[in-house]
Structures are given as structure tokens and as C-alpha cells.
Amino acid sequence: MSRLPASAPAASVEWPAARAGSRDAVAVIVAYTPFGMALGATLAAGGVDPLVAWASSPLLFGGAAQLLAVQMLGSGASAPVVVAAALVVNARMLLYSASLAPHARDWPARWRWPAAYLLADPVYALAIARFGRPDGGGGPRARLAYYLGVGLTLWPAWQLITAAGTVLAGALPAAVPLELAGPLTFLLLLLPMLASRAAYGAAAVGAGVAVAASGLPLGLGVLAGAAAGTAAGAMLEAHDA
């Protein structure tokens, strides 16, 4: 596989892939809007200055870690404890990175850093679904352009949606079940990735372990489910190979 020339801005020669990423991201934004609005409203009610709470969107770009960090700050937790808890919640990004590494190994280092910052649940879901196609999502330039197209479309949308939720906190009807917005959004992201027996096995085992371990502190149940699902998927894929 050829490497990208250091002087060539990859996305500038792969606009079709970048546009495809942006187009796919728009569909996710529609599904993500209720979750982002609910998160923004929750952040505004967390006992922290609303502007400071919203600043977690550009700093962390991850709803679960934002919610945990702001709520812990509002309850008086110390900064080291908040940072440690946010790192635990975002530990799944290590699994995402390991999964994406084979597809990104030919990207220039200067693009990997912003790509790492843009990594979030929907970015990973869309990218790995495209990179898992028979054609691999194209060459290194096309994969990078698609990834950036997704990330650079989702990032500003996330900032605007959470800001709107922060401003409109308290105006949303209490009867609206916003607490279901997050899980439903993640389910919508998961469905396109269920394309093989290994994927179904990983999803089933991961969900089962996460539910069984839901009583663990600091969200470790989610991490245990992710690790078990990854292991199950790898075993099934090796068996089917």
C-alpha cells in the first residue's frame, strides 16, 4: 500500500470521499440532535456555569465524558478525580483506535493528530463501516478524506446542538423522554455495522456483559462489555476465516 506524499493535502484530491463522509454525517446529526439537546440541557442544570459546562463540547467532544465531568465538577469533585473518571469513560477510544489503526497506518502523522481529536462514537461507527467494505473504503487518501468529511461535519454540529440545549434548558417539556435519546442514538449507529456473524456475536456478548456488569463503579461495566464484545468478535472472526 502506497504512502501519502508528505506535501500532498490528501483531502484536496479526494473530494468525492469527503463529500460522502459529510453526507453520511448529516444523517447522524439528525439522529443525534435529541441526545445533544438533552445533554446540553443537563449540562446547564449541573451546578456549573453554563458557559463552562458547554466548553466541555469543544474540549472533550464526547457526550458521556462531558456529562460525567460536568456533573462531578458540580458535586465538588477535585480536578484529578474528574480527569481520571473522564479517562475511564473514554477508554473505549483505545479500542476504537486499535480497530482503526490498520486503516490509518498510511496517513501522514500531521493528519493523525486532528483525526485522533475528531474520534467519537459516530465518527468511528461511520468510518469502520466504510473501511470494512470489500474495497476497504478506497486508498489511504480516500479513507482519510472520508474520515475528515465525517468528523469536520459532526464537530461544528455538536457544538451548535449542545449550545442550543444549554440555552433552552428548562424549556423542553418534561413529558419528552430525553433519557432514551442517548441509547436509541447508539443503537441507530450500531445497526449498519451488523454485517457478519462475528459482528452479531460481538454485539450480543458485549451487551450481555455490559448489562451484567452495570453495577460496577465509574462506568466500568461499559468497558467490560466493550472488552468482552471485542474478544468475542475476534474469536468468531478467526473461526470463520
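The legends below describe an overview and several close-up views of one predicted model.

**Figure 1. Overview of a protein chain with 12 helices and zero strands.** Followed along the sequence, the chain of this predicted model reads α-α-α-α-α-α-α-α-α-α-α-α. The protein chain has 241 residues, and 41% of them count as buried. Among the contacts in the chain with a separation of 6 or more, 79% are accounted for by residues 24 or more positions apart.

**Figure 2. The tilted aromatic pair of Tyr 32 and Trp 158.** The structure holds six aromatic pairs, and one of them is formed by Tyr 32 and Trp 158, whose rings lie 5.2 Å centre to centre with 55 degrees between the planes. Tyr 32 belongs to helix H1 (residues 15-44) and Trp 158 to helix H9 (residues 140-167), so the pair ties together parts of the chain that are 126 residues apart in sequence. Tyr 32 and Trp 158 are both buried. Together with Phe 35, these two residues make up one aromatic cluster.

**Figure 3. The stacked aromatic pair of Tyr 96 and Tyr 124.** The ring centres of Tyr 96 and Tyr 124 are 4.2 Å apart and the planes stand at 5 degrees, which is under the 30 degrees used as the cut-off, so the pair counts as stacked. Because Tyr 96 lies in helix H6 (residues 92-104) and Tyr 124 in helix H8 (residues 121-131), the pair ties together parts that are 28 residues apart in sequence. Tyr 96 is buried, and Tyr 124 is buried as well.

**Figure 4. The contact between helices H4 and H5.** The axes of helix H4 (residues 63-74) and helix H5 (residues 79-89) come within 9 Å and cross at roughly 160 degrees. An angle over 145 degrees counts as roughly antiparallel, and H4 and H5 are therefore roughly antiparallel to each other. Their crossing is right-handed. On the side of H4 the contact is made by Ala 64, Ala 65, Leu 68, Ala 69, Met 72 and Leu 73, while H5 contributes Val 81, Val 82, Ala 85, Ala 86 and Val 89. Sorted by class, the contact of H4 with H5 has 11 nonpolar residues, no polar residues and no charged residues.

**Figure 5. The contact between helices H11 and H12.** Helix H11 (residues 197-212) and helix H12 (residues 220-240) have axes that come within 7 Å and cross at roughly 155 degrees, and this makes H11 roughly antiparallel to H12. H11 passes H12 in a right-handed crossing. The residues of H11 that take part in the contact include Gly 201, Ala 202, Val 205 and Gly 206, and those of H12 include Gly 225, Ala 228, Gly 229 and Ala 232. Also among the contact residues are Arg 197 of H11 and Glu 237 and Asp 240 of H12. By class, the residues of the contact of H11 with H12 divide into nine nonpolar, seven polar and three charged.

**Figure 6. Pro 156 in helix H9.**

Note on methods:
Residues are numbered from 1 along each chain as its sequence is written. This is a predicted model: local features need pLDDT of at least 70, side-chain atom pairs count only at pLDDT 80 or more; totals for chains, interfaces and linings use all residues. Side-chain values use heavy atoms; hydrogens and water are left out. Rings of Phe, Tyr and Trp (its six-membered ring) pair if their centres lie within 6.5 Å; planes under 30 degrees apart count as stacked, over 60 as edge-to-face and the rest as tilted. Helices (H or I, at least four residues) and strands (E, at least two) are DSSP runs, numbered from the N terminus. Buried means under 20% relative accessible area, exposed over 50%, partly exposed in between (1.4 Å probe, protein chains only). Axes are lines fitted to C-alpha atoms, for helices over the stretch in contact, and angles run from 0 to 180 degrees between N-to-C directions. Angles under 35 degrees count as roughly parallel, over 145 as roughly antiparallel, 65 to 115 as roughly perpendicular and the rest as oblique. A crossing is left-handed if the near helix is turned anticlockwise from the far one by less than a right angle, and right-handed if clockwise. Contact means heavy atoms within 4.5 Å. Ala, Val, Leu, Ile, Met, Phe, Trp, Tyr, Cys and Pro count as nonpolar, Asp, Glu, Lys and Arg as charged, and the others, Gly among them, as polar.
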